[in-house]
Amino acid sequence: GMRRWDPEFLQARSAVEGGRLGRLQRLRYSVHDYRLPGDEFPRGVASELGWPILDQMRLLTGSHDVRHCELKTFPSDSNGSDGILSLWQFADELTAVIEIQTRSLLAYRTGWMLEGSTGA
């Protein structure tokens, strides 16, 4: 699914739509974790984990036009990928970074971090 009902995402969306952040300037989503035994992503992390997060980003950024996008995947031993790094530049100086690593020893998860002209 697209994970539009995740509590953390709903909180981020509420902050954006409620105007508490002012003009949205920066978004960041980072997950660094080591997948559990049996966790497999045969279609790759970009396909299986990245699409729901990109959908959330689209909802958070609203009608901002994309000016530039870069995507780096990190190949796995199988044909898929173990992670992605995606950089986005939108109109109005808005930027977003999405980083998902499933072979990291950090065990670090941020969820959505948002910064605007009047709050974060």
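Student: Which residue in strand 5 is the bridge partner of V31?
Tutor: V31 is partnered by R109. Strands here are DSSP E runs of at least two residues, helices are H or I runs of at least four, and both are numbered from the N terminus. Keep in mind that this is a predicted model: local features need pLDDT of at least 70, side-chain atom pairs count only at pLDDT 80 or more, and totals for chains, interfaces and linings use all residues. Residues are numbered from 1 along each chain as its sequence is written, and side-chain values use heavy atoms, with hydrogens and water left out.

Student: How many bridges join strand 1 to strand 5?
Tutor: Nine, and the two strands run antiparallel. Strands count as paired if DSSP finds at least two bridges between them.

Student: What's the strand order in the sheet?
Tutor: It goes 2-3-4-1-5. The sheet is open, with five strands and mixed pairing. The twist averages 10° from one strand to the next.

Student: Which strands does helix 1 touch?
Tutor: Strand 1 and strand 5. Helix 1 packs on the sheet at about 25° to the direction of strand 5. Axes are lines fitted to C-alpha atoms, for helices over the stretch in contact, and angles run from 0 to 180 degrees between N-to-C directions.

Student: And where does helix 2 lie?
Tutor: Across strand 1, strand 2, strand 3, strand 4 and strand 5. Helix 2 runs at about 20° to strand 3.

Student: Now the core. Which residues touch the most other members of the largest one?
Tutor: L27, I98, W112 and L114, in a nonpolar core of 23 residues. Such a core is a set of buried Ala, Val, Leu, Ile, Met, Phe, Trp, Tyr and Cys residues joined through side-chain atoms within 4.5 Å. Helix 2 (45-61) is among the elements that give two or more residues. Helix 2 gives the most, with five.

Student: What does L27 touch?
Tutor: Leaving out residues up to four places away in sequence, L27 touches L60, T61, L94, T95, A96, V97, W112, M113 and L114. Contact means heavy atoms within 4.5 Å.

Student: Switching to G116: buried or exposed?
Tutor: G116 is buried, because its relative accessible area is 8%. Buried means under 20%, exposed over 50%, partly exposed in between (1.4 Å probe, protein chains only). G116 sits in strand 5. Beyond four places in sequence, G116 contacts L21, R23, L24 and Q25.

Student: How much space lies in the largest pocket?
Tutor: About 330 Å³. A pocket is an open set of points on a 1 Å grid over the protein atoms alone, where a 1.4 Å probe fits, with protein on both sides within 12 Å along at least five of seven lines; lining residues have an atom within 4 Å of a point. Points are joined across faces, edges and corners, and the volume is the space filled by probe spheres set on them.

Student: Which lining residues lie nearest its centre?
Tutor: Y29, V31, D33, L49 and R109, out of 17. Strand 1 supplies the largest share of the lining, four residues.

Student: Last one: what is phi at D92?
Tutor: About 65°, positive although D92 is not a glycine. Most residues other than glycine have a negative phi. D92 is in the loop between strand 3 and strand 4, and counts as exposed at 51% relative accessibility.
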